[in-house]
Amino acid sequence: MRRRIVVALLPVLALLIAGVGISYAVVVTERLTQEVQIDRGGDAVRFASLTDAAIGSGDLARLKTELDAYQALFDSPVWVLGLDGSLVHDPGVPVPTGADVDQNIQQAFAGSRTTENPVVWPWSPGPLRVVEPVGRDSQVTAVVVLEAPTDGLRRATLRQWGVGAALLLLPVTALVAGLWPLTRWILRPVRDLERIAADVRGGDLNARAEVEHGPSELRGLASSFNAMVDTVQRSLERQRAFVADAAHQLRNPLASLRLSVENLRPWLREPAAREAGDEAVSEAVEMGEMFEAMLAATAVSGAERVRDREAWTLTQVFDVGRPHWERAVREHGLTLEVAEPERGLVLRQPPGGLVAVLDELVENAARLSDGSTVRVGWSVDPDRSLGAVWVADDGVGLTAEERSAARGRFWRAQRHQNAPGTGLGLAIVHDVVEDVGGEVRLEAAEPRGLRVLVRLPVVR
């Protein structure tokens, strides 16, 4: 965002520089041209006075000497044209021609002086010319034409432009340099808020945005965000406390109920009565397991998110989890195959850790698949933004409808209704993985069985 703000401000800054720079260039060029024109105009007026005196006395020698010396000193030839068009003084170079020069000469013979001359730009060709009448009004006796080279004027203009550009560059550089820390100061609360929002989304409800930095409006936004997170945290804590307290408080009455039913067995003499008693005990045991699962789910959902800098590598996850996986599959008569993970690869860890997720998936595969082999593997996307760990079996698998329904709480396949378990494990895995920006996919394994794929962001 900082780069976009700076890029958005640069056109405005460019327009400001262009406006100031062009105005400065025009003013400087006009001023330097005017200075040369005034200087050369003063010389032309003096030469007109000398010419008037020389024509009046009939002695042109002094005038010629003066004009030749001027030409040698300033490289500026001076022509003196008589009323009949003849050259009263010839500097040795042709008289300049052109519509502008002819018009100025005609005006001078008419007694008018040329007060305006074109501005000499650094790219303007040709010299600067000044035309001055000798005499006034109807008493004009000749015209002085002075031609001044403009090489020095163009160099002076460019030099002044360079000085102006350098002076303008200093505040512009300071402004551009100041934009970066200014935008950083403005956007710091936004970046902090984005980071904290990601932490909260990942399950870290203790994360809070800083409210001491940035503009007052953004500090107020950060305070409001912190208040919102406080409200959400209190609400979730109340819900979890209620579930935990309810499950805990119901365990004792349920245990007493089970004990009472079991104590009735000596007096249950009829087969139907004994069967009903056994069924009641079985239901009480199942309900107790359900309460224990609810407590476990509450504990997992309330666990803090594992920070990225503290996350284990995939090698560590597999090394720590392998003993439990081997024991689980061995208890159910299956074999375990574990792929060797890439060293240094780190995936974002869900609350409770990735080991706990894989433990649940491996145990489900060993207990419910009716297969012979459980495989644990991994993969990473080509752009290395997402990685995956997966658990596959070669058992009976699930149908497409069952795979779609399997993420629901307390869901169990029809053929697994009498198997131990509560149907909460896979739902909890879905929740904790999605809390950190991942996803869980249930796919048909090849050639048969079920593959559970857990995709998580790669920690760089």
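## Salt bridges within helices

The side chains of R195 and D192 come together in a salt bridge, with 2.3 Å from N to O. This is a predicted model, and in it R195 and D192 are 3 residues apart in helix 4 (residues 151-201), which means that about one helical turn separates them. R195 is partly exposed, with a relative accessible area of 45%, whereas D192 counts as buried because its relative accessibility is 9%, under the 20% limit.

D43 and R40 lie 3 residues apart, about one turn of the helix. D43 has a relative accessibility of 15% and counts as buried, and R40, at 13%, counts as buried too. The total for the model comes to 14 salt bridges.

## A salt bridge across the sequence

R455 forms a salt bridge with D381, in which the closest N and O atoms are 3.2 Å apart. R455 belongs to strand 9 (residues 450-457) and D381 to the loop between strand 6 (373-380) and strand 7, so the pair ties together parts that are 74 residues apart in sequence. Of the two partners, R455 is buried, with a relative accessible area of 14%, while D381 is partly exposed, with a relative accessible area of 21%. The two residues also belong to a network of salt bridges that links D381, E439, R441 and R455.

## A buried aspartate without a salt bridge

D393 is found in strand 7 (residues 386-393). Although D393 is buried, it has no salt bridge, and the nearest side chain of opposite charge, that of R448, is 7.1 Å away. That residue is beyond salt-bridge range because the rule requires a side-chain nitrogen of Lys or Arg within 4 Å of a carboxyl oxygen of Asp or Glu. The side chain of D393 does reach the backbone nitrogen of G395, at 2.9 Å. Apart from neighbours within four places in sequence, D393 is in contact with A365, S369, T373, A445, R448, G449 and L450.

T33 is found in helix 1 (residues 2-57) and is buried, with a relative accessible area of 2%. A polar atom of the T33 side chain lies 3.2 Å from the backbone nitrogen of V120. When neighbours within four places in sequence are left aside, the residues in contact with T33 are P118, V119, V120, L128 and L153.

Helix 2 (residues 61-74) has 14 residues and reaches 20 Å from its first C-alpha to its last, close to the 20 Å expected at 1.5 Å a residue. Its buried residues are L63, L67, Y70 and Q71; they cover an arc of only 100 degrees around the axis, which puts them on the same side of helix 2. R62, T65, A72 and L73 are exposed on the other side of helix 2. After helix 2 comes D75, whose phi is positive, near 55 degrees.

In helix 3 (residues 99-109), the residues V101, N104, I105 and A108 are buried, and because they cover an arc of only 100 degrees around the axis, they are on the same side of helix 3. What covers these buried residues includes strand 1 (78-82), strand 3 (128-134) and strand 4 (142-148). A99 and Q106, on the other side of helix 3, are exposed. Helix 3 is followed by G111, whose phi is positive, near 95 degrees.

Notes
Residues numbered from 1 in each chain as written. Predicted model: local features only at pLDDT ≥ 70, side-chain atom pairs only at ≥ 80, totals over all residues. Heavy atoms only, no water. Helix = DSSP H or I, 4+ residues; strand = E, 2+ residues; numbered from the N terminus. Buried < 20%, exposed > 50% of the residue type's maximum accessible area, 1.4 Å probe, protein only. Polar contact = N/O pair within 3.5 Å; in protein donor to acceptor, adjacent residues only side chain to side chain. Contact = heavy atoms within 4.5 Å. Expected span 1.5 Å × (residues − 1). Arc of directions from axis to C-beta. Lys, Arg positive; Asp, Glu negative; His and termini not counted.
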